[in-house]
Amino acid sequence: MKTFRSIFRPAMTALCAAGLFATSVAAAPMRSAESGEIIVAAADCYSIGQQVADQHGGTLARASESNQGGQSVCVIVVLVPAKDGQRPRRVEVVVPAN
């Protein structure tokens, strides 16, 4: 039992460190191979989503990038508060990603 614990702890530490490294690599901006420019689409959709939420007077629930008809768009979901204690309304807006 003691041997299992002595092997298990360093192995789990190594796995956790590898997982943290993998998530930081996945969250890094992508670099385009042809032109060498950096593509930061998720941050742009998030900032667009914040603006749409402010316009609708709600809170941003989700902002994701999608491809519709060969064009890159941001799909924004905003929760708009309802009146008289009702559930908030869910508003989905599709905005071209610039």
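Reader: What pattern does the protein follow when read along the sequence?

Author: In this predicted model, the protein follows the pattern α-β-β-α-β-β-β along its sequence, and its secondary structure comes to 2 helices and 5 strands.

Reader: What makes β4 and β5 paired strands?

Author: Two strands pair if at least two bridges are found between them; 8 bridges join β4, residues 71–80, to β5, so the two meet that criterion.

Reader: Why are β3 and β5 said to stand at the edges?

Author: The open sheet has 3 strands in the order β3-β4-β5, with antiparallel pairing. Each of β3 (59–68) and β5 (89–96) has a single partner strand, so one side of each is left without a neighbour in the sheet. On average, and with direction ignored, neighbouring strands of this sheet are turned by 20° against each other.

Reader: How do you know that C45 and C74 form a disulfide?

Author: The cut-off for a pair of cysteine sulfur atoms is 2.5 Å, and the S to S distance between C45 and C74 is 2.0 Å, so the pair counts as a disulfide. The structure holds 1 disulfide, and this pair links distant parts of the chain, with C45 in helix α2 (residues 41–56) and C74 in strand β4, 29 residues apart.

Reader: Why is this disulfide called left-handed?

Author: The torsion about the S-S bond of C45 and C74 is about -75°, so the disulfide is left-handed.

Reader: Which residues is V91 in contact with, leaving aside neighbours within four places in sequence?

Author: With those neighbours left aside, V91 is in contact with H56, I76, V77, V78 and V80.

Reader: How many of the residues score at least 70 in pLDDT, as a percentage, and where does pLDDT stay under 50?

Author: The protein averages a pLDDT of 75, and 56% of the residues score at least 70. Over residues 20–33 pLDDT stays under 50, and for this stretch the model has 11 contacts beyond four places in sequence.

Technical notes. Residues numbered from 1 in each chain as written. Predicted model: local features only at pLDDT ≥ 70, side-chain atom pairs only at ≥ 80, totals over all residues. Heavy atoms only, no water. Helix = DSSP H or I, 4+ residues; strand = E, 2+ residues; numbered from the N terminus. Axes fitted to C-alpha atoms, helices over the stretch in contact; angles between N-to-C directions. Contact = heavy atoms within 4.5 Å. pLDDT = per-residue confidence, 0-100.
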